[in-house]
Amino acid sequence: MSILAFIGRRLAAMVVLLALLSLLCFGLLGLSPGSPEQLLLGTRPSTPELRATIRAEFHLDEPFLMQYWHWLTDAVRFDFGVSAHTQQEVTAIIGERFHVTALLAVYGLVVALLVAIPAGLYAGVKQGKPGDQVITFGALLAISAPAFALSVLLLYVFGVALNWFPVFGAGEGLAENIYHLTLPAIALAAGSAALMIRQLRASVLDVTNQDFMTFARARGLSPARIWTVYLLRNSCLPMLTISGLVLAGSLAGAVIIEQSFGLAGLGSQLITSVQQLDIPVVQALALLTGATVIIVNLLVDLAYIVIDPRVRHPRSAA
Amino acid sequence: MSQIAGQAPPAAAPRKRRRLGVSVVLCLAVLIPIVISAVFGSAIAPHDPALQDPTLGALAPNGTYWLGTDDLGRDIFSRLIAGAYTAVAGPLLVALGTTLTGTVIGLLAAYRGGWFDTVAMRGVDLMYALPAMLVLIIAVGVLGGGYYVAVVLLIFLTVPTNIRLVRSAALSQKEMAYVESARVMGLSPARIIGVHILPNVSPTVVTNFLLDFVGALVGLSGLSFLGLGVPAGTADWGLMLAENRAIMDLNPMAIVAPAALITLTATAATVLADAAYKRISQAGAQRD
Amino acid sequence: MTDLSTAPVSTATDLCVENLSIGLGSRPLVRDVSFTIKPGETICLVGESGSGKSLTARAIAGLLPAGLSATGSVRLDGRELIGRPERELRGLRGRRVSLLMQDPFTMLNPMLTAGATIAESLPRSLSRTAKRAEVLRRLAEVGITDPAAADRYPFQLSGGMCQRVAMAAALAKDPDLLIADEPTTALDASVQSEVLSLLMRLRDARGMSLLLITHDLRVAFSTCDRVLVMYAGSVVEEAPAAALAATPAHPYSAGLLTAMPSVHARRAKLVGIPGRVPSAADVAGRCVFEARCRHAVEECRTAAPPLVRIGEGHASACARYEDIRAVLNVAPPVENDTGVAAATTHEKAVAVVTGLGKDYRTRGLRKSATSTALHEVSLSIGAGESVGLVGESGSGKSTLARCLLGLTKPTRGTIAIDGVVQCVFQDPYTSLNPSHTIGFALREALTKRVPGSDPVDVRELLELVGLPSAYAERRPVALSGGERQRVAIARALAVNPALLICDEPVAALDVSVQAQVLELLRRVNRELGTSLLFITHDLAVVRQVTDRLVVLYKGRFVEEGPTGQVLDKPTHEYTQMLLNSVLFEGTESNA
């Protein structure tokens, strides 16, 4: 019962957040310098006919909330209109570039998890030993180094100086994609891996000092069971939240990475559109990114119901 | 010492100056020259950071130009010194703004509770759902406005984290018996918050200040890197990194130096934040 | 009982500990502990915090925290355990030696159900159904007969239930020796005695040996064959339980017995042990207790006295035992308290509570459920009176205190207070602001002193609670728990309150320190005339300090009367149950 209530509350909160987000995105048109008409005209010559078409198409003569309503009903059907700059369908622009960003995000998360889980566990278990100190210092550097600084350094060292990886574009086909996206994925993963390492190290330290670890050893349980059922299960729980944050944040992170590595993804598209004041594209990308964050957060909350009994069961005494 | 053991606890250590740790000294060694550069700027630079000499082109480091020049012949080293201003001033403003407002709102939300707390926390939740960097890019890019608009926006985007951290630190203090005793004694809320709770959340506040500085440094220089924020031609570490990408094979220092400087500054402030937290919370430690 | 794994009643193990020392690097924590446990025997290690008793237990199980190391010898059936590789120790743990810990809520893996925690220690060869049946049988053995409990997670169970589940898990591989480290300390008094008697029944039924670690002499006397008293990392006395209770042979043991409050009588003066427990490292080469011992002479400072046999199974580490034995077991004088409250008439009331009730709203789905912490209670506290409020956790006793202090708004009823109310809380570590000096705290409190009171300064306040005036410059971190509670009392007195509410003020303190704080509160009541509302779960403590007693059960007063009378002749069955769960005290026979 209370699980349903929990899910219900989360869903309701999600809907409210999405509504507010969409209002903000739509509001961009009104808040931008210059008249909406001028903005939507883009680079086209300003003829009275074209202006009238645009006014009609975007319902510019109706009140603000009606305009929003028209835009929203289209948006939920994935119709964001056409780019003010190229007249291309916004959905088509996004469709073309989506896979590069998605691949980059997933690749980055995989790299981050592959590095962070062993490193964080090792640092937590070997607290204070030289290995821990190296890992902790590395994580500190990685968490402080901005993604763009790291991108340019990686490009210089592995792209230009050593010439191991390409310096531009995403390549064709999955295999080439993966090869081309390796440096960008590392640049994207560095910060999140560092975050994960710090979190995992702290929770391993916390769990190893728990009474239940000593009690497990006192009962002669096998090291395999203590490691998996006791240490891993308890210390890896917070990793789920972080993975969600990382995945949701990678769209925002992709802006800088794609710009640095010349990748034609959603992030570099956003910069282009922002610079061109191509409002329909910016609106769509902003809504898409915000919605991803909100939905991923919801999924993480739901996942906790499945894996953490403390969330699954109401906290009432038997 | 041993005679009184068992009779009385060891005397409280006199508040003498404790020696700074090696890591703190290293951090200060990084940060102090940067702050000096930010204050004096081009006055202490060996060359005019804006002076172009297209005949030079992108030179590798040499005796005259220690870190070489960019493709317009401007001295990299001098531009780095001049760039310290935007790397320090904006982040400092952001950190001050967020720490002040975040601490005040966080303390009040924790102590008063009720509607104030509810409103504050719902606002925080909303801001958490927005990816800060993206909002910054869109807002600065679409709405226009330069560096200082970005500074104000960053304050808004960062303050929720502050509120949340200060609030939870203050909440755990609020439950402690000494706060309840102060309430029973009839001390005013202002005194309880200011004299009793604030000193005990100060480790969080100081850490927030330094970490917000780091976040703003990364955010603002990231904006510059993307060509938003500071105007083209400004000596700014993020912008230099973007502009000099084209000449990385001619003068690698043109990108390595600004990248390293941003990273070093951020790392030093982060280490300082960790050290400050430990030191301040030890100074008022509850248990020995 | 057709089962496959109950241990036959005769294979119990012989444990022999010789010169066991534990250190952190070169810093000693436990020094030269020696004792043996014969099959089926129960040994108790008694000591206050910092005595090294828990470390000793951990060392025997080979489970010392990282960084600590043990030297000496621990032999199980003649096989040496110290220095044995972890792999071999693992085979012994659970099967031969098992360890039960203190906190029932942190001892169990929160990710596993009660059944899974027990099942993971059962043989892997069992089928699913056989395993389930065995789990239920094990749960029944520890008194949990509801099969649904097997599917509950620790956070869904009460503390007593968790401790029973942990016990079943610790015994799942049928060990010959169980080490139980303060297994009942975290539990309510009534649950405490249930769990303890369960432990005794299991020990007898299984014929296993038991090493019980406790800070509570009552627990030791009611369960053990032999008791070892530890202090600052060393054993100072070893004795059969009855002999220790009747004729303690070390000034420390005698001091502990004197400091222990009795539920049967009120002591004329509560005597604690002055000072604080030193660390083992600071007392090398001398008697560990010398600094706090009123019998100490020069020879106590020059060498560490060995544990010397003085009788049948009785040994003392006091060099002056022969000189002082006559004064060691003098029973402290008691005073008659059965008629105190009746004899004193309190004309003026400082606090009158009428029909007070408090509901808490628990957040449900749609309908907000309310739970009632306090039903309509009425209470009047006279000027200069000392009233005890007794109840277990969840009885509503703290809610009543918080209402009186104005920290919580009552749902119903009225409170009329004549004068100012102040409080002393339970946890000495959070009752003082760590950022400010003691002097700052007291000066701040003095600004709120009731107008018209006699002027008093910080030095006098410190003197009043028995602390040197130099303490004004110190921060709380430099004070022991008992000293902090005294400062908290001084801070409350600075305001010159008419009523002082003490919410479990000594529950977190060691017995020897408890007595000093209780004596101080008694003096505040008798000499300053401050009324006391003394809230506690401890019947023995409440007898020492209060004139009148109110028993609170599930938010209602179930019994009220002069303290001595209520405790000697309780009329309500709940009070009787509470009294029955008070364990053996040492002034009675062990039968």
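Let's start with C:Leu99, which stands opposite C:Ile179 in strand β7 of chain C. Please keep in mind that this is a predicted model, where local features need pLDDT of at least 70, side-chain atom pairs count only at pLDDT 80 or more, and totals for chains, interfaces and linings use all residues. Residues are numbered from 1 along each chain as its sequence is written, while chains are lettered from A and ligands numbered from 1 in the order in which they are written.

Back to that strand pair. β6(C), residues 97–100, and β7(C), residues 177–181, run parallel over four bridges; pairing here takes at least two DSSP bridges. Strands are DSSP E runs of at least two residues, helices H or I runs of at least four, both numbered from the N terminus.

So what covers β6(C)? Both of its faces are covered: C:Val97 and C:Leu99 on one side, C:Ser98 and C:Leu100 on the other, are all buried. Buried means 20 or more other C-beta atoms within 10 Å of the residue's own, with C-beta atoms placed from the backbone.

Now, over to chains A and B. Their contact takes 34 residues from chain A and 32 from chain B, with contact meaning C-beta atoms, placed from the backbone, within 7 Å. On chain B's side, α4 (132–143), α7 (189–225) and α9 (253–283) each supply at least two residues, and α9(B) gives the most, with nine.

Finally, chain A itself. The domain assignment, automatic or from a database, gives domain 1 (2–75) and domain 2 (94–275). Their C-alpha centres lie 35 Å apart. Thanks, everyone!

Notes:
A residue is buried if 20 or more other C-beta atoms lie within 10 Å of its own, exposed if 12 or fewer, and partly exposed in between; C-beta atoms are placed from the backbone. Two residues are in contact if their C-beta atoms, placed from the backbone, lie within 7 Å.
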